[in-house]
Structures are given as C-alpha cells and as structure tokens.
Amino acid sequence: MLRNRPFRLFSLAVTGSYVLSFQLYPALPLETEQRTGGGAFATTATSALFVVSGLVALVGPLRVTA
C-alpha cells in the first residue's frame, strides 16, 4: 500500500478535501456575522447556509448514483 504512488496521492487529496471542508463549520458563522452585523439575521443566514449545504450533500450523490 505504501509503495503504490497513485494510492498515496489519492489518499493525500481526499485528506486535504476533508480538512478544507471542515473549515466551513467555523468560517461560515464568523463571516456571516461579520457581513450582517450579527443578531438574529446572522443566525438565520448561517442556518440557511448549512441547510443548503446539507441538501446539496444529500441530493448531489443521488443524482450521480441513479
């Protein structure tokens, strides 16, 4: 497994993808709060962003695997 260069590159790419995707969880609320000035609207906007992100994560693979 360690001698298989394509597998190592794939593993590195997938790990990098996961690390970058996890950056969304702290970054989205902070950026939304900064752009909207905070308050209830920032909370609603952040919630909407996470709902859309979740829907894309659910619906996207269904279309590909259908």
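**Chatting about aromatic rings and a surface patch**

Q: Which residues form a nonpolar patch on the surface?
A: Met-1, Leu-2, Phe-7 and Phe-10 do, with about 510 Å² of accessible area together. Patch residues have over 30% relative accessible area and no salt bridge, and nonpolar side chains are joined within 5 Å (like charges within 9 Å). A salt bridge is a Lys or Arg side-chain nitrogen within 4 Å of an Asp or Glu carboxyl oxygen. Areas use the Shrake-Rupley method with a 1.4 Å probe.

Q: What kind of model is this?
A: A predicted model, where local features need pLDDT of at least 70, side-chain atom pairs count only at pLDDT 80 or more, and totals for chains, interfaces and linings use all residues. Residues are numbered from 1 along each chain, and side-chain values use heavy atoms, leaving out hydrogens and water.

Q: Where is Phe-7?
A: In helix H1, residues 5–22. Helices are DSSP runs (H or I) of at least four residues. Phe-7 is partly exposed at 37% relative accessible area; buried is under 20%, exposed over 50%, partly exposed in between.

Q: New topic: how many aromatic pairs are there?
A: Three. Ring centres must lie within 6.5 Å; planes under 30 degrees apart are stacked, over 60 edge-to-face, the rest tilted. Tyr-18 and Phe-22 are stacked, 6.3 Å centre to centre with 20 degrees between the planes.

Q: How far apart are Tyr-18 and Phe-22 in helix H1?
A: Four residues, so about one helical turn separates them.

Q: And what about Tyr-25 and Phe-50?
A: Stacked, because their centres are 5.8 Å apart and their planes at 10 degrees. Tyr-25 sits in helix H2 and Phe-50 in helix H3, 25 residues apart.

Technical notes:
Helices (H or I, at least four residues) and strands (E, at least two) are DSSP runs, numbered from the N terminus. Buried means under 20% relative accessible area, exposed over 50%, partly exposed in between (1.4 Å probe, protein chains only). Rings of Phe, Tyr and Trp (its six-membered ring) pair if their centres lie within 6.5 Å; planes under 30 degrees apart count as stacked, over 60 as edge-to-face and the rest as tilted.
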